[in-house]
Amino acid sequence: MLTSKPRGTNDIIPGETELWQKIEAIITSLARNYGYREIRTPIFEHTELFLRGVGENTDIVDKEMYTFEDKGGRSLTLRPEGTAAVARAYLENKMYAWPQPVKMYYLGPMFRHDRPQAGRYRQFHQFGVEIFGTSHPASDAEVIHLCMAFYQLIGLENLELHINSVGCPQCREILRQKLMAYFESHRNDLCSICRQRVERNPLRILDCKNKICRDAGKDAPTPLDCLCQECRDHFASVRRYLDVQQIAYIVNPRLVRGLDYYTKTAFEVIAPDIGAQSAIGGGGRYDGLVETCGGPHIPGVGFAIGLERTISVIRKQGLEQETHRLMAFVAMAGDTEDVATRIIYTLRQAGVSCDRDYIGRSLKAQMKYASKINAKYVVIVGEDELARGNVTLRDMDTGKQYEVELDKLVAEIKSNTC
RNA sequence: GUGGGCUUAGCUCAGUUGGUUAGAGCGCCAGACUGUGGAUCUGGAGGUCGCGGGUUCGAGUCCCGCCGUCCACCCCA
């Protein structure tokens with residue numbers, strides 16, 4: 001259909017872009033404030049990057065990638081997330097030779113071929129940050145702090161920060177063994193889906209929403225039970241930093257993140273009341289990722305925030321602010337278009353936003369239109385006033401109006417608004 | 001990929017047991033003694049009833065398929 005957008009995509013139209021721009025402005029200044037610099041990577045990458053970076057057994061790679069062949073027969077994929085590409089760019093641009101750590105942020109569209117629903121789209125937008133080159137727990141905490149600071153600046157309330165540690169690969173393997181053994185003996189108490197998970201992905205049984213599985217998994221080992229000493233210390237340290245920064249969090253031993261590259265710290269921000277897809281942001285540490293992409297062993301930590309979901313919370317909580325209004329509408333009464341045109345030019349030069357009628361409306365209709373577009377002032381350029389060297393300035397909020405000399409118009413509007 | 005709901009004007013929705021030219025509210029455009037918005041009143045424009053089949057003398061209405069959309073599952077932002 002010529003008149004319908006591809007499934008799961010969205011037009012962001014006037015009336016909405018204002019909010020996006022505001023969020024983008026917050027992101028830019030916030031990231032700079034924390035010492036992050038922007039990176040812009042391609043919208044598509046070699047498919048291989050995501051296969052290895054994100055993990056072949058993840059759902060993202062398994063069934064959600066927009067993969068296509070270019071004319072040279074190369075397999076390319078629209079990026080389903082940001083971290084793998086940033087890791088690639090880190091290596092390709094030899095950033096390991098830069099002063100470490102390297103702190104970067106990105107902002108842009110991601111693509112996943114999912115079935116759309118509330119809070120889930122095939123093209124959606126993420127704001128994310130990455131720190132490469134340090135495994136210091138303070139960097140985990142900083143990333144979490146930055147994440148929460150973003151929501152705070154946006155004005156969101158009632159968010160839950162869940163944190164956990166999924167350990168290093170060694171801890172994870174121990175956990176896997178323990179879980180398989182545990183759920184093997186509780187197999188009959190699981191839902192049909194989780195029964196299949198026992199061998200395939202026992203970790204996910206932990207956060208199954210089914211009550212039966214919750215009960216069955218009540219005494220199951222969690223990642224926290226299997227941490228090695230190093231991972232245990234790291235997690236404790238991250239928590240201390242969070243405490244020092246007075247960030248409220250919930251330790252959720254059942255928090256398991258879906259992407260293969262996560263190690264140690266994992267966190268997720270939950271917003272109740274926006275439907276089933278309530279995770280508005282999440283992240284964690286990925287010490288193995290750069291190595292997986294063919295580089296040296298370089299630790300990393302970061303997060304990604306879903307902008308559509310964030311906006312959904314903004315709307316739910318009634319936080320949308322009024323947009324910038326047009327300062328002046330220049331209305332014409334009689335044969336005054338030449339003068340009006342010059343006035344518009346002068347106003348715009350002076351930084352006063354203004355507009356005019358283009359379809360030959362009557363003065364009344366021009367007033368009506370000015371009112372509808374919520375202009376602050378109407379400048380009435382009429383023959384009578386012009387004879388006196390004046391125009392009429394009408395305040396559309398108060399309804400008061402008076403004549404102003406032509407060359408004092410800009411100053412008059414500016415003095416009233418500043 | 002799986003399941004369920006929904007599809008009539010720009011938007012929200014009516015539309016009788018199937019029966020002539022498919023309606024309302026809001027919005028849009030205009031008018032109410034010709035230079036003044038919001039209120040009120042009046043008028044106007046705007047619909048292949050999502051698409052394709054089928055049943056019927058006759059389908060917006062009943063049946064089937066498809067598309068789209070919404071919600072949920074899986075999973076994730």
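Reader: Is cysteine 293 buried, partly exposed or exposed, and what is its relative accessible area?
Author: The structure is a predicted model, and every value here is computed from it. A residue counts as buried under 20% relative accessible area and as exposed over 50%, with partly exposed in between. Cysteine 293 is therefore partly exposed, since its relative accessible area is 22%.

Reader: How many disulfides does a search of the whole structure find?
Author: A disulfide is a covalent bond between the sulfur atoms of two cysteines. For cysteine 293, the closest cysteine sulfur belongs to cysteine 168 and lies 19 Å away, which is too far for a bond. When the whole structure is searched, the number of disulfides found is zero.

Reader: How far apart are the end C-alpha atoms of helix 1, which covers residues 17-33?
Author: Helix 1 has 17 residues, and at 1.5 Å a residue these should span 24 Å. The distance in the model agrees with that expectation, because the end C-alpha atoms are 24 Å apart.

Reader: What arc do the buried residues of helix 1 cover around the axis?
Author: The buried residues of helix 1 are Leu19, Trp20, Ile23, Ile26, Ile27, Leu30 and Ala31. They lie on the same side of helix 1, because around the axis they cover an arc of only 125°.

Reader: Which exposed residues does helix 1 carry on the face turned away from its buried side?
Author: The buried side of helix 1 is covered by elements that include strand 5, strand 6, helix 5 and helix 11. On the face turned away from that side, the exposed residues are Gln21, Arg32 and Asn33.

Reader: Which residue of strand 13 stands opposite valine 330?
Author: Strand 12, residues 328-333, is largely enclosed by the rest of the structure, because five of its six residues are buried. Strand 12 pairs with strand 13, residues 354-356, in the parallel sense over three bridges. Opposite valine 330, the residue in strand 13 is arginine 356.

Conventions: Residues are numbered from 1 along each chain as its sequence is written. Chains are lettered from A and ligands numbered from 1 in the order in which they are written. This is a predicted model: local features need pLDDT of at least 70, side-chain atom pairs count only at pLDDT 80 or more; totals for chains, interfaces and linings use all residues. Side-chain values use heavy atoms; hydrogens and water are left out. Helices (H or I, at least four residues) and strands (E, at least two) are DSSP runs, numbered from the N terminus. The expected span of a helix is 1.5 Å times one less than its number of residues. Buried means under 20% relative accessible area, exposed over 50%, partly exposed in between (1.4 Å probe, protein chains only). The arc is that of the directions from the helix axis to the C-beta atoms. Contact means heavy atoms within 4.5 Å. A disulfide is a pair of cysteine sulfur atoms within 2.5 Å. Two strands pair if DSSP finds at least two bridges between them.
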